[in-house]
Amino acid sequence: MTSSFPSGHASSAFTAAGILSEHDPALKPLFYAVAVVVATSRVHVQIHHASDVLAGAALGIVFAKLATRAWPLPPHGAAPPAAPA
């Protein structure tokens with residue numbers, strides 16, 4: 001195994017899951033399930049240690065919270081904003 005702290009795959013997957021979950025909460029379990037598969041696959045293929053993946057996942061969750069606060073998405077199914085005249 002190599003040491004690459006934190007896992008970029010895990011942080012990206014959990015960031016995406018967090019942002020997508022804010023937009024469509026009904027699919028939140030699916031988004032996070034995919035993120036878990038991506039993150040654990042890095043340990044399975046012996047690219048990362050479990051601690052690398054856990055740190056990446058934690059960072060991804062923080063990044064998603066920051067991103068959704070800075071750039072909120074409309075709820076799923078909401079009407080798009082009106083175009084300026």
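## Buried share

Let's start with what's tucked away: of the 85 residues in the protein chain, 28% count as buried. Keep in mind that this is a predicted model.

## Helices and overall form

The protein chain has three helices and zero strands. Read from the N terminus, the order of elements is simply α-α-α. The radius of gyration of the protein chain is 15 Å, well over the 12 Å that the globule rule gives for 85 residues, so the chain is more spread out than a compact globule.

## Contacts along the chain

How do the contacts link up parts of the sequence? Take the ones between residues at least 6 apart in sequence: 75% of these join residues at least 24 apart.

## A nonpolar patch

Leu59, Val62, Phe63 and Leu66 make a nonpolar patch of about 350 Å².

Where does Leu66 lie? Leu66 belongs to helix H3, which covers residues 50-70. Is Leu66 buried or exposed? Its relative accessible area is 52%, and exposed means over 50%, so Leu66 counts as exposed.

Note on methods: Residues are numbered from 1 along each chain as its sequence is written. This is a predicted model: local features need pLDDT of at least 70, side-chain atom pairs count only at pLDDT 80 or more; totals for chains, interfaces and linings use all residues. Side-chain values use heavy atoms; hydrogens and water are left out. Helices (H or I, at least four residues) and strands (E, at least two) are DSSP runs, numbered from the N terminus. The radius of gyration is taken over C-alpha atoms; the globule rule is 2.2 Å times the number of residues to the power 0.38. Buried means under 20% relative accessible area, exposed over 50%, partly exposed in between (1.4 Å probe, protein chains only). Contact means heavy atoms within 4.5 Å. Patches are made of residues with over 30% relative accessible area and no salt bridge: like charges are joined within 9 Å, nonpolar side chains (Val, Leu, Ile, Met, Phe, Trp, Tyr) within 5 Å. Accessible areas come from the Shrake-Rupley method with a 1.4 Å probe; for residues, only the protein chains shown count as cover. A salt bridge is a side-chain nitrogen of Lys or Arg within 4 Å of a carboxyl oxygen of Asp or Glu.
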